Amino acid sequence: MSVVTDPSQVRLGDRPLIVCDIDEVVLEFLSPLTRFLRSHDYDLLPRSFRLHGNIVSRLDGAEMDREAFDRFHEIFFETQDLWQAPAERAVETLHALAADADIVFLTAMPPRHHEVRRKLLDRFDLCFDMIASEQAKGPIVAALHDRRELPVAFVDDIQRNLLSVADHVPDCLLLNMMANADFKPFAPPPTGTIVQASDWTHAAELMRRHFSTTTTPSKTSA
C-alpha cells in the first residue's frame, strides 16, 4: 500500500465510504500502552477518561508529569509495532465490509510515525489507505467524501472527533466504539446523532443498515 498523508491522494470508487480511527478502534491502544508503561515501572489506572493524570509510578504512586508523559507517548508511537495488535474481530470485519465499501483509516497521530504504523497495519493484512494527522477530523472526512451522493460512515472512540465530523458531514453515520473495557465506562455518553457500537460485529450491522437505507444516485442514463 502506498503512503497516504493527504485526502487528495485517496482514490475512492463509486460506493459507500467508511472512515475509521485506528487507536482503540482498529488497533488496541490502552491495553498495549499499559503493558508498555509497566515495562518502565509505571501503570495506567482506569480512573477517568484520559491518559494524563492516570499514569502513576509503580514504585511510589506518584503521577507522571506532563513532560514525562509526552516523552513516553512519543516512545510508544515510535515502537508501536512491538506492542499493538488488532482489536477483536477488526480484521475480518473490515475485510468483509471492504467487499461493498471503500475503507480509509484516519489516525490522530503525528505524521512522522506514519511509516511504522503503515508497516504494523500491513503486517496484519490491514492494507487500507491511512491518513495520519493531528488536525480536526471533520474537515478531513469532508475532503475525502467531497459531497458525493453516497453513504459515508465514521468510527471513532473520541466524542470530539465524532462531533467534528458531524459538523462537516451532516449525513455521515457516526459510530462511537472502543476496544478497552476498563476505560469504556468513563467515556461520555453519546450525544446528538452519535450511535454507540458495542463491538465490530455490531458496528458492521449498523453500517450495512445505513448503507442499505441511504439514497444513492441512480446509475441509469438520463
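## Notebook: a predicted model

**Entry 1. Asp41.** I began with Asp41, which is partly exposed at a relative accessible area of 39%. I am working on a predicted model, so I keep that in mind throughout. Where does Asp41 sit? I found Asp41 in the loop between α1 (30–38) and β2. Then I looked up its backbone. Phi of Asp41 is near 65°, which is a positive value in a residue other than glycine.

**Entry 2. Arg89.** I looked up another positive phi. Arg89 has one of about 65°, and Arg89 is not a glycine. I placed Arg89 in the loop between α2 (66–78) and α3 (90–97). Is Arg89 buried, partly exposed or exposed? Its relative accessible area is 42%, so Arg89 counts as partly exposed.

**Entry 3. Aromatic pairs.** How many aromatic pairs does a search of the whole structure find? It finds eight. I picked Phe105 and Phe128. Their ring centres are 5.7 Å apart and their planes stand at 85°. Planes over 60 degrees apart count as edge-to-face, so I noted this pair as edge-to-face. I then traced the two residues along the chain. Phe105 belongs to strand β4 (residues 102–107). Phe128 lies in the loop between α4 (114–123) and β5 (129–132). The two are 23 residues apart, and the pair links distant parts of the chain. I checked burial too. Phe105 has 0% relative accessibility, so Phe105 counts as buried. Phe128 has 11%, so Phe128 also counts as buried.

**Entry 4. The aromatic cluster.** Next I looked for a group of rings. Phe29, Phe36, Tyr42, Phe72, Phe76, Phe77 and Trp83 form one aromatic cluster. Phe72 is in helix α2. At 12% relative accessibility, Phe72 counts as buried. Which residues does Phe72 touch, leaving out those up to four places away in sequence? I listed Phe36, Leu37, His40, Tyr42 and Met64. The C-alpha atoms of Phe72 and Phe183 are separated by 20 Å, and the two residues are 111 residues apart along the chain.

**Entry 5. Asn54.** Asn54 is in the loop between β2 (42–44) and β3 (55–57). Is Asn54 buried or exposed? Its relative accessible area is 2%, and the cut-off for buried is under 20%, so Asn54 is buried. I found a polar contact of 3.2 Å between the side chains of Asn54 and Arg47. Not counting residues up to four places away in sequence, Asn54 touches Asp43, Leu44, Leu45, Arg47, Ser48 and Phe183.

**Entry 6. The sheet.** In what order do the six strands of the open sheet stand? I read off β5-β4-β1-β6-β7-β8, with parallel pairing. β5 and β8 (195–196) are at the edges. Each has a single partner strand, so one side of each is left without a neighbour in the sheet. I then followed one pair in the order. Strands β6 (residues 152–156) and β7 (residues 173–176) run parallel and are joined by four bridges. Val155 stands opposite Leu175 in β7.

**Entry 7. β4, α4 and β5.** β4 and β5 run parallel, and four bridges join them. One partner I looked up was that of Leu106, which is Ile131 in β5. α4 lies across β4 and β5, running at about 150° to β5. Together β4, α4 and β5 make a right-handed β-α-β unit. Which way do the side chains of β5 point? Asp129 and Ile131 point one way. Met130 and Ala132 point the other way, and all are buried.

**Entry 8. Helix α6.** I looked up the buried residues of α6 (residues 159–168). They are Gln159, Asn161, Leu162, Ser164 and Val165. What covers them? The cover includes α5 (137–145), β6 and β7.

**Entry 9. Ser198.** My last stop was the loop between β8 and α7 (200–213), where I found Ser198. At 45% relative accessibility, Ser198 counts as partly exposed. I compared its position with that of Arg147, 51 residues away along the chain. Their C-alpha atoms are separated by 29 Å.

Terms used
Residues numbered from 1 in each chain as written. Predicted model: local features only at pLDDT ≥ 70, side-chain atom pairs only at ≥ 80, totals over all residues. Heavy atoms only, no water. Phe/Tyr/Trp six-rings, centres within 6.5 Å; stacked < 30°, edge-to-face > 60°. Buried < 20%, exposed > 50% of the residue type's maximum accessible area, 1.4 Å probe, protein only. Polar contact = N/O pair within 3.5 Å; in protein donor to acceptor, adjacent residues only side chain to side chain. Contact = heavy atoms within 4.5 Å. Pairing = 2+ DSSP bridges. Axes fitted to C-alpha atoms, helices over the stretch in contact; angles between N-to-C directions. Right-handed = clockwise from strand over helix to strand, strands pointing away.
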